[in-house]
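Subject: Structure handover

Hi,

Here is the structure I promised you. Please open it first, then read my notes below.

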2 protein chains.
Amino acid sequence: MRLPIIDHGLFPRSHRPPLPSEFLSQLKTQFGPRFSQGDSVRLQHGRDESVHPEMLPDGVVFAQSTEEVAWVVRHCNQYRVPLIPFGVGSSVEGHVLAPHGGLSLDLSGMNQVLAVHPEDLDATVQAGVTRLQLNRELKGTGFFFPIDPGADATLGGMASTRASGTNAVRYGTMRENVLAATVVTPTGEIVKTGSRARKSSAGYDLTRLFVGAEGTLGVITELTLRLHPVPEAMSAAVCAFPDVDSAVQTVIQTIQMGIPVARIELLDSFTLQAVNRHSHTELPEAPTLFFEFHGSEASVEEQAQLTQELASGNGGQGFQWATRPEDRSRLWEARHQAYFACLQMKPGGKVFPTDVCVPISRLAECIHATNQDIAQVSIPIALFGHVGDGNFHLVVLVDTQNPKDVAEAQWINERVVERAIAMEGTCTGEHGVGMGKRKFLEREHGAPAVALMRQLKACLDPANILNPGKIIPD
Amino acid sequence: MRLPIIDHGLFPRSHRPPLPSEFLSQLKTQFGPRFSQGDSVRLQHGRDESVHPEMLPDGVVFAQSTEEVAWVVRHCNQYRVPLIPFGVGSSVEGHVLAPHGGLSLDLSGMNQVLAVHPEDLDATVQAGVTRLQLNRELKGTGFFFPIDPGADATLGGMASTRASGTNAVRYGTMRENVLAATVVTPTGEIVKTGSRARKSSAGYDLTRLFVGAEGTLGVITELTLRLHPVPEAMSAAVCAFPDVDSAVQTVIQTIQMGIPVARIELLDSFTLQAVNRHSHTELPEAPTLFFEFHGSEASVEEQAQLTQELASGNGGQGFQWATRPEDRSRLWEARHQAYFACLQMKPGGKVFPTDVCVPISRLAECIHATNQDIAQVSIPIALFGHVGDGNFHLVVLVDTQNPKDVAEAQWINERVVERAIAMEGTCTGEHGVGMGKRKFLEREHGAPAVALMRQLKACLDPANILNPGKIIPD
């Protein structure tokens with residue numbers, strides 16, 4: 001059995017029209033071996049990292065240039081064939097699935113870093129460049145790209161889901177770090193959405209029209225991104241707390257004091273158990289905060305000291321610092337492996353992630369109530385997240401063959417989303433809507449806002465060819 | 001004679017239809033004395049701080065609630081009457097003028113701070129609240145709203161022009177500091193564009209669709225804004241340089257080193273002359289940088305020391321610090337009065353401002369070439385700006401009755417805009433497009449991007465009632 005919560009059953013494959021034969025032969029002529037209808041290629045492009053069931057496209061095109069993307073979009077528009085942009089498939093909300101069939105547009109071959117301007121703190125990349133690739137190519141320049149959603153996603157995919165992650169509390173999300181984009185619109189026009197100026201008041205914010213639009217309004221083919229100076233000094237720290245509330249209070253005080261913390265992550269005691277088991281560490285199995293501080297030597301030391309004082313005031317124990325790169329890496333490795341460590345707590349299980357974000361004043365209350373929900377179900381659930389932004393995840397471990405697991409996961413997800421929305425928060429802080437969160441959109445934004453989104457979609461993509469079945473509720 | 005460059009002559013008043021009599025009587029019934037057709041009220045709402053000629057609306061409505069705004073918008077839509085949102089009229093690009101006549105919608109009565117959440121670092125205000133009013137109401141909370149465009153503009157107006165100013169290098173622009181808005185769409189729907197979550201991936205970025213749209217896509221009636229902690233310590237500094245290049249090199253190095261400077265402003269020697277004459281100061285009449293540093297005591301001292309070293313390395317002389325509030329204010333007063341000081345250098349003259357922004361690596365070259373242009377004209381021109389962002393203004397002083405002045409101003413403006421665009425910059429860093437920059441939009445963004453903007457406008461406002469004649473070129 002599949003998770004019913006996300007298997008909407010709205011797009012039975014049998015109802016999908018096949019690719020028109022004329023279009024098929026044009027694709028073969030245009031792309032040769034870079035067009036495929038092979039089962040394994042289609043399977044690889046019809047699934048992501050989520051528990052959403054596979055939904056295969058009818059074919060996959062591997063594009064190598066903006067002009068090729070424009071060709072594909074124009075033809076899909078002409079033949080009314082759905083087109084789904086694809087990076088590396090690390091989405092967790094079904095963004096790359098093909099509920100209506102159609103073509104998957106693989107952009108991973110567009111992986112050139114086109115320009116690095118250290119003097120302007122920006123770089124221009126093709127959409128298929130991954131974040132780790134970009135940072136490798138930036139080595140030695142003194143600059144880096146900070147957004148880190150965990151997976152080594154493509155920057156095009158990260159822009160499309162408005163990704164963020166551990167560093168967002170200091171450096172912002174993709175919303176703040178995309179300066180401009182090259183986008184192919186649903187009718188095949190190539191649009192440049194902005195200049196390299198740090199700021200501009202010259203007309204509508206086309207850049208942010210496409211950032212977070214999940215490929216439903218256009219295909220991002222290039223991005224100009226903000227870079228940040230590699231800090232002179234970095235230090236990491238870890239601190240265990242008697243309970244989640246004390247940890248969260250420390251977070252709130254840190255943010256309110258304006259300490260420019262670079263990372264501040266909460267892991268609950270279940271996550272620490274999983275981490276210890278997975279990484280053979282001996283961290284206290286208690287609610288724990290992981291910190292990272294960036295700045296000058298003096299500033300980093302001051303930030304860490306201030307934070308330590310706040311932590312102690314809230315009962316934090318054994319505040320450990322690490323300034324040497326290898327010690328810092330060791331500390332953060334535990335955090336980075338948390339997802340996989342949790343997954344191993346339920347062999348054969350799958351992860352059903354939640355992703356709410358609330359105003360930070362409600363965070364303690366939100367987590368507290370969520371923990372009461374967790375106590376009511378039998379499935380194992382880990383809680384961790386980017387608490388400096390008010391964003392946390394539940395890693396709900398389910399056996400997708402077990403209806404009770406699935407029902408419990410569904411119940412928890414609904415509860416946590418409803419609570420976050422009631423607290424003036426959001427159903428998704430960074431994962432995106434995809435297929436899984438569409439049903440919450442109206443609850444969060446209200447009917448007029450969703451009607452406006454629908455109007456924008458209908459206006460820009462009247463044939464509904466770009467990533468249909470995502471974001472906009474049916 | 002009026003400045004021909006901005007007196008497009010495209011909308012002769014004689015061609016404007018009068019307000020339909022049925023609508024007139026509805027307005028009188030609905031708003032009583034809060035609807036006016038008096039000459040002085042219409043004049044006050046038909047001009048701004050720019051050299052654009054007055055273009056009067058046919059009437060002015062003083063709204064007091066979002067619901068009233070929605071009523072006005074719905075009726076304007078029904079009767080096809082242009083509607084121009086109005087705050088305090090501090091625009092410098094003709095945003096509030098009524099080239100097509102119609103109604104001016106005065107939002108200055110919507111001046112309630114609706115909620116302050118210090119614990120979440122946000123506040124919700126009505127659109128007519130000004131930035132100084134908000135900061136007065138925030139006194140004692142430990143938080144402030146940093147965006148400072150100079151004028152005490154309304155926050156609705158600042159959001160609509162994507163304003164920024166002296167603090168943007170550290171705190172961002174209105175683009176980064178608006179969390180959510182309540183907007184009345186051109187058909188009269190009330191839309192909430194976001195939650196109070198610090199970040200969200202839940203659908204299209206409706207907030208930034210309206211930020212910078214200059215009231216052409218909707219009327220912003222409420223805003224949820226990011227607040228920032230009042231820094232523990234602030235210090236200001238001023239330093240004169242042998243030439244503009246040396247000052248700009250100091251700016252570039254400061255930004256590239258990641259020194260989190262809060263303000264970094266360049267004033268050229270002409271501006272310093274004007275400031276000395278106006279404020280009876282005795283600052284060296286040389287290219288000068290004004291700095292402000294925010295942070296902890298230790299951090300502020302470190303920032304100032306690092307910056308002083310950079311300045312000295314570039315020939316900066318007499319680096320003066322000020323940490324006491326009164327000394328800091330005195331230093332910055334000179335900067336804040338620069339605009340009026342320059343205006344006094346040409347009695348009876350008017351200011352024609354330019355507002356380009358370029359990647360910082362091109363800034364020295366851009367200013368150098370601009371100074372060569374300035375040397376070729378006879379009118380006095382001051383240069384200053386927010387150089388940490390690559391944004392600078394020319395304050396071109398013209399006698400609007402003198403055709404030679406006007407022609408020279410026009411020539412300089414074209415030159416500086418073309419140069420900025422050629423350098424991958426923008427024609428307007430913070431003033432907005434309004435009426436004055438429409439002709440540059442396609443040059444900057446390209447035809448497909450402008451076509452997309454036009455498409456968005458036509459989709460959301462098919463009757464073209466909201467602020468017609470702004471942003472979108474004819």
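How many residue pairs are in polar contact across the interface of chain A and chain B? The count is 38, with both residues of each pair at pLDDT 80 or more. Keep in mind that this is a predicted model.

Now the parts that build the interface. On the side of chain A that touches chain B, several elements give two or more residues, among them α7 (174-177), β9 (190-192), α11 (297-313) and α17 (447-460) of chain A. The most comes from α17(A), with nine residues. By type, the residues on this side of chain A are 33 nonpolar, 26 polar and 19 charged.

Charged pairs also cross over. There are six salt bridges between chain A and chain B. One of them joins A:Glu430 to B:Lys199, where the closest N and O atoms are 3.2 Å apart.

Next, the extent of the contact. Chain A brings 78 residues, and chain B brings 78 residues. About 6300 Å² is buried between the two chains, and carbon and sulfur atoms give 58% of that area. In chain A, the residues that lose the most area to chain B are A:Lys199, A:Ser201 and A:Tyr204. Together they make up 15% of what that side buries.

Last, the symmetry. Rotate chain A by 180 degrees, with 0.0 Å of shift along the axis, and it superposes on chain B with an RMSD of 0.0 Å. The two copies are therefore related as by a two-fold rotation axis. Of the interface residues of chain A, 100% are also interface residues in chain B, so the copies meet through the same surface.

Best wishes

How values were computed:
Residues are numbered from 1 along each chain as its sequence is written. Chains are lettered from A and ligands numbered from 1 in the order in which they are written. This is a predicted model: local features need pLDDT of at least 70, side-chain atom pairs count only at pLDDT 80 or more; totals for chains, interfaces and linings use all residues. Side-chain values use heavy atoms; hydrogens and water are left out. Contact means heavy atoms within 4.5 Å. Buried area is the accessible area (1.4 Å probe) that two parts lose on being put together, summed over both. A salt bridge is a side-chain nitrogen of Lys or Arg within 4 Å of a carboxyl oxygen of Asp or Glu. A polar contact is a pair of N or O atoms within 3.5 Å; within protein, one must be able to donate a hydrogen and the other to accept it, and residues adjacent in sequence count only if both atoms are side-chain atoms. Helices (H or I, at least four residues) and strands (E, at least two) are DSSP runs, numbered from the N terminus. Ala, Val, Leu, Ile, Met, Phe, Trp, Tyr, Cys and Pro count as nonpolar, Asp, Glu, Lys and Arg as charged, and the others, Gly among them, as polar. Copies are superposed by least squares on the C-alpha atoms of residues with pLDDT of at least 70 in both.
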